[in-house]
Amino acid sequence: MPTLILVRHGRSTANTAGVLAGRAPGVALDEHGAAQAAALPARLSRVPLTAVVSSPLQRCRETVAPLLESRPWLTLHVEDRISECDYGDWSGRKLAELSDEPLMEVVQQHPSAAAFPGGESMRAMQARAVDAVRDWNARIDETHGPEAAYVMCSHGDLIKSLVADALGMHLDLFQRISVEPCSVTAIRYTRLRPYLVRLGDTGDFGSLAPREGGGSAGADRDAAVGGGAGAA
């Protein structure tokens with residue numbers, strides 16, 4: 001089966017504002033996110049891509065635009081099933097405010113039981129994402145063969161849930177995974193099992209450096225809903 005290259009969208013205006021964007025319209029890449037997107041074609045220059053699949057949301061489309069410009073023979077395929085988790089009534093709210101919600105502890109510690117008010121459950125998010133990947137793997141395999149590679153641009157929580165599925169991890173453990181904005185995660189699928197060959201690769205190790213107050217810039221003590229803003 002093909003190799004799936006998962007790209008989280010570049011840093012967005014919601015990331016830097018500390019807002020849980022969800023599926024709200026008009027959330028674009030910020031200046032740093034646009035630079036991340038512009039660097040993506042060079043980072044993937046040695047990979048012969050057969051397709052680019054994207055979440056319908058603006059920040060994902062903007063992330064893959066430079067890649068498509070660099071390879072004009074590729075067509076953008078929009079896939080609704082890899083859109084952001086539907087956070088329902090939480091969408092558009094400040095993450096600092098949401099930290100006081102009783103549900104946040106469930107999201108962090110027992111996400112398979114978490115369902116957002118007016119939105120969807122994290123379990124449903126993972127199920128639709130896995131179904132989408134399986135369908136696209138079969139489609140790419142049939143059209144381009146088992147050695148093909150393709151890009152899928154999506155969102156932090158969704159990518160983490162796909163990694164958990166590939167590793168055979170329970171969804172309750174997926175908050176242990178970190179994928180920064182515009183990071184590349186690659187999963188090679190075979191007939192018997194998937195292999196995780198890259199995880200959250202940004203090509204920059206600056207996020208590992210200690211930051212003021214302790215910890216590292218790319219790893220919060222609790223995983224941020226939606227994936228966080230990453231290192232500056």
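User: What should I know before I start?

Analyst: This is a predicted model, where local features need pLDDT of at least 70, side-chain atom pairs count only at pLDDT 80 or more, and totals for chains, interfaces and linings use all residues. Residues are numbered from 1 along each chain as its sequence is written, and side-chain values use heavy atoms, with hydrogens and water left out.

User: How many helices and strands does the protein have?

Analyst: Helices (H or I, at least four residues) and strands (E, at least two) are DSSP runs, numbered from the N terminus. Here there are seven helices and six strands, in the order β-α-α-β-α-β-α-α-α-β-α-β-β.

User: At what angle do helix 2 and helix 3 pack?

Analyst: Axes are lines fitted to C-alpha atoms over the stretch in contact, and angles run from 0 to 180 degrees between N-to-C directions. Helix 2 (residues 31-43) and helix 3 (residues 58-70) pack at about 40°, axes 8 Å apart. Contact means heavy atoms within 4.5 Å; helix 2 brings A37, A38, L40 and P41, while helix 3 brings E62, T63, P66, L67 and S70.

User: And how do I read burial?

Analyst: Buried means under 20% relative accessible area, with a 1.4 Å probe and protein chains only. Of the 232 residues in the protein, 48% are buried.

User: How is empty space found?

Analyst: Rolling a probe the size of a water molecule over the atoms shows where empty space is left. A pocket is an open set of points on a 1 Å grid where a 1.4 Å probe fits, with protein on both sides within 12 Å along at least five of seven lines; lining residues have an atom within 4 Å of a point. The second largest pocket has 19 lining residues, with I5, V47, A186, V197 and R198 nearest its centre. Strand 5 gives the most to that lining, four residues.

Technical notes. Buried < 20%, exposed > 50% of the residue type's maximum accessible area, 1.4 Å probe, protein only.
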